Amino acid sequence: MPTPTKGPRLGGGPAHERLMLANLAASLFEHKRITTTVTKAKRLKPYAERLVTFAKRGDLASRRRVLGLISNKGIVHELFTDIAQAVENRDGGYTRITKIGNRKGDNAPMAVIELVLEPVSAKQAVVAEATQAAAKAAPAAEEAPVEEAATEEAPAAEEAAEAPAAEEAATEEAPASEEAAEAPAAEEKDAK
């Protein structure tokens, strides 16, 4: 069971808070970035990210759950088509909060909360592209004709036949050099 939030709720009662978060999330999905107080932005972040996770699933049950919270069908459609597609490679962290200073009237700390729609990173995009290319190349390699495989094996067999001959020549040279090294050692023993 999730722990309840500490301190007073946003707007007074729990029903008002739920409606306020739903309206903030709808505005965030519609405009892609909104300016609000830091407290509301921090409370909105997990709420909006959960809705984006539902949108990434894309099934009918997820769409109905989101429609239960956000009543505007146009915004829900945009969430499930545009936003979910933009963040499909991202594993969380769909929103970003940036503090912008205090409000002029009541000196409340303000922040901008926005959707992170940029690609994850250039390096990860290149890695993902290379992985996809390798996956496409692997089935093509398996489908290679048998004749090509036979011609590739023939040169390998010729190289394998040449390798033992080279090893035999090396072993023939080795005993001769060992005998030459033993001869002076034997002469020294005889001299003593």
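# A tour from the sheet to the core

Begin with K99, which stands opposite A111 in strand 3. The model on screen is a predicted one.

**The hairpin**

Select strand 2 and strand 3, the latter covering residues 109-115. These strands pair in the antiparallel sense, and seven bridges join them. Another facing pair to display is T95 with L115, the latter in strand 3. Strands of a sheet pair through backbone hydrogen bonds, in a parallel or an antiparallel way.

Now follow the chain from strand 2 into strand 3. The two strands form a hairpin, with six residues between them. Stop at N107, in the loop that links strand 2 to strand 3. N107 is not a glycine, yet its phi is positive, at about 60°. Most residues other than glycine have a negative phi. Is N107 buried or exposed? Its relative accessible area is 52%, and the cut-off for exposed is over 50%, so N107 counts as exposed.

The three strands make an open sheet in the order 1-3-2, with antiparallel pairing. Which strands are at the edges? They are strand 1 (33-37) and strand 2 (95-102), each of which pairs on one side only. From one strand to the next the twist averages 25°.

Next, show helix 1, residues 14-31. Helix 1 packs on the sheet and touches strand 1, strand 2 and strand 3. The direction of helix 1 makes about 145° with that of strand 1.

**From helix 1 to strand 1**

Select K32, in the loop between helix 1 and strand 1. K32 is a residue other than glycine with a positive phi, near 70°. K32 is partly exposed, at a relative accessible area of 24%.

Move on to R33, which belongs to strand 1. R33 is partly exposed too, with a relative accessible area of 49%. Display I113 together with R33: they are 80 residues apart along the chain, but their C-alpha atoms are separated by 5.7 Å. Which residues touch R33, once its neighbours within four places in sequence are set aside? The contacts are L28, V112, I113 and E114.

Go back into helix 1 and pick E17. Is this residue buried or exposed? E17 has a relative accessible area of 5%, and buried means under 20%, so E17 is buried. Apart from neighbours within four places in sequence, E17 is in contact with R9, L10 and R43.

**Two crossing helices**

Clear the view and select helix 2 (residues 38-57) and helix 4 (residues 73-86). Their axes come within 9 Å and cross at roughly 90°. The range for roughly perpendicular is 65 to 115 degrees, and helix 2 and helix 4 are therefore roughly perpendicular to each other.

Show the side chains where the two helices meet. On helix 2 they are L51, V52, F54, A55 and K56; on helix 4 they are L79, F80 and A84. What kinds of residue make up this contact? Seven are nonpolar, none is polar and one is charged.

**The nonpolar core**

The largest nonpolar core has 32 residues. Colour F29, L44, L51, I70 and L79, which touch the most other members of this core. Helix 1, helix 2, helix 4 and strand 3 each supply at least two of the core's residues. Which element gives the most? Helix 2 does, with nine residues.

Centre the view on I70. Leaving out neighbours within four places in sequence, I70 is in contact with A22, A25, A26, F29, L51, I75 and V76.

**The whole chain**

Finish by showing everything. How many helices and strands does the protein chain have? There are six helices and three strands. Along the sequence they follow the pattern α-β-α-α-α-β-β-α-α. The protein chain has 192 residues, and buried residues make up 23% of them. Of the contacts in the chain with a separation of 6 or more, 55% are between residues 24 or more positions apart.

Key
Residues are numbered from 1 along each chain as its sequence is written. Side-chain values use heavy atoms; hydrogens and water are left out. Two strands pair if DSSP finds at least two bridges between them. Helices (H or I, at least four residues) and strands (E, at least two) are DSSP runs, numbered from the N terminus. Axes are lines fitted to C-alpha atoms, for helices over the stretch in contact, and angles run from 0 to 180 degrees between N-to-C directions. Contact means heavy atoms within 4.5 Å. Angles under 35 degrees count as roughly parallel, over 145 as roughly antiparallel, 65 to 115 as roughly perpendicular and the rest as oblique. Ala, Val, Leu, Ile, Met, Phe, Trp, Tyr, Cys and Pro count as nonpolar, Asp, Glu, Lys and Arg as charged, and the others, Gly among them, as polar. A nonpolar core is a set of buried Ala, Val, Leu, Ile, Met, Phe, Trp, Tyr and Cys residues joined through side-chain atoms within 4.5 Å. Buried means under 20% relative accessible area, exposed over 50%, partly exposed in between (1.4 Å probe, protein chains only).
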